[in-house]
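I opened my notebook to jot down a few things I wanted to look up here. These are my entries, in the order I made them.

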Amino acid sequence: MPLNDDQNSDSESSRISESTAASSDSEYSRQSFNSDSSSKPSSPASSPPKVITFDELMAAARNLTDLTLAHEIAVNANFCIKHEDFPQNSLAGTVKQIVHKAFWDLLESELNEDPPEYEHAIKLFEEIKEILLSFLTPGANRIRNQICEVLDTDLIRQQAEHNAVDIHGLANYIINTMGKLCAPIRDNDIKQLKATNNIVELLRQIFHVLDLMKMDMANYTIQNLRPYLQRNLVDYERTKFQEILEETPSALDLTTEWIKESIEDELSSISDESSSSPGADNSSKPIISPTLVLNNGYLKLLQWDYRKTIPETLITDEVRLQELREKLNQLKIIACVCLITNNMLGAAIVGMPDFAEQLKRISLPLLEGMNKKTFDLKEALKAVGVQICSKVNRSLNERGLPTLSEEVESNLMGQIAHIVEENNPISSLIG
């Protein structure tokens, strides 16, 4: 990975995208949303609405992007940057292929001229030099000086004027340097570069491998940065939300509304309890626990209609929350199916060991993606009913017992299919 003469591990993680490069200790200084500076925007009733400029909006968007990236790195241990290209048949992929081919064909024709034209090749060497230097840590002065000396574009231009450029020698130096800087996973790519003789193809492949090395470098930095972000994530997110609030005072309106709804639910629950208790003092002001309000709010997210925008403070976890909701709904459906099946076929399934596990294995694949708009839950439940009947009948046959009657099968499949209906008693109970 990054070459450093002094092996300064702290500097290895000093470079990443702008979103995380600014995560210094001072940026993580604790700023309370209850401070004077943050409370002013939260009381707009006494002042006219602030007009948000385009620059302020873009600044808030950048802060949110930074926040999302930092949060994902901290909470998702598998987060990494992957090399993805456009699909070959896509418009973008076709355009990229045509443009790249035109560029490399032009370079080949220039190098085949007599005398060769090196201007485009020199620009490529200059770009390669900058990429190689970007891999180095601040302490790697020896190799930095060597790269600048060998890939000195002014010197190469002077050599080009006298038709004395050793282009293969320069390419070999670049490949050897890449071999010193790359991760072990790229060793085979370096070997393939050394085996390539056509200079134009070689330069093209060098850029491809450099792209992979940049991806490796970013992932290496993310790996080193993750423990630091995990330790400082709360302060960092607090600071970022404060910055977003200062840019756009209405940035947390949905979060405020979400908490208000939870408070109203708790007040309503307390009111119902008071009215049902004959000797209760209804004149006293109810005391609501903040923890209870938050718990209630988070539980509501498991039944959230994700066609609506989620509260701003939870945007970075929206996908994870949707996955939790889908798992909860699957468990709810499977529990309903288990209850119905055990109630209707109790005697028939007595001799079937691990029937509940078998039922899960039948149901889960058929309920995959059940939260998608295009998913037909009723049809999926019909298929679950058919599979259960088939499984039970097969077991009864093996044990020499009579199979289920058509009436029992029809009732079982009908009750399973009716789980999706509103106010279904079994679904309400399990829910």
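This is a predicted model: local features need pLDDT of at least 70, side-chain atom pairs count only at pLDDT 80 or more; totals for chains, interfaces and linings use all residues.

Cysteines. I started with C338 and asked which cysteine sulfur is closest to the sulfur of C338. It turned out to be the one in C336, 9.4 Å away. A disulfide needs the two sulfurs within 2.5 Å, so that gap is too far for a bond. I then searched the whole structure and got zero disulfides.

Is C338 buried or exposed? I found C338 buried, at 17% relative accessible area. For C148 I noted 32%, which makes C148 partly exposed.

Two helices. Next I looked at α14, residues 318-344, and α16, residues 377-398. Their axes lie 12 Å apart, and the helices pack at an angle of about 40°. Angles under 35 degrees would count as roughly parallel, so I wrote this pair down as oblique. I also noted that the crossing of α14 past α16 is right-handed.

Who meets whom? I checked which residues of α14 meet α16. From α14 I listed I333, V337 and T341; on the α16 side I have L377, L381, V384 and I388. Sorted by class, that contact has six nonpolar residues, one polar and no charged ones.

One arginine. Last, I wondered where R186 sits. I found R186 in the loop between α9 (167-181) and α10 (187-194). R186 counts as buried, with 11% relative accessibility. Leaving aside residues up to four places away in sequence, I see R186 touching L212, M213, M215 and D216.

Technical notes:
Residues are numbered from 1 along each chain as its sequence is written. Side-chain values use heavy atoms; hydrogens and water are left out. Buried means under 20% relative accessible area, exposed over 50%, partly exposed in between (1.4 Å probe, protein chains only). Axes are lines fitted to C-alpha atoms, for helices over the stretch in contact, and angles run from 0 to 180 degrees between N-to-C directions. Helices (H or I, at least four residues) and strands (E, at least two) are DSSP runs, numbered from the N terminus. Angles under 35 degrees count as roughly parallel, over 145 as roughly antiparallel, 65 to 115 as roughly perpendicular and the rest as oblique. A crossing is left-handed if the near helix is turned anticlockwise from the far one by less than a right angle, and right-handed if clockwise. Contact means heavy atoms within 4.5 Å. Ala, Val, Leu, Ile, Met, Phe, Trp, Tyr, Cys and Pro count as nonpolar, Asp, Glu, Lys and Arg as charged, and the others, Gly among them, as polar.
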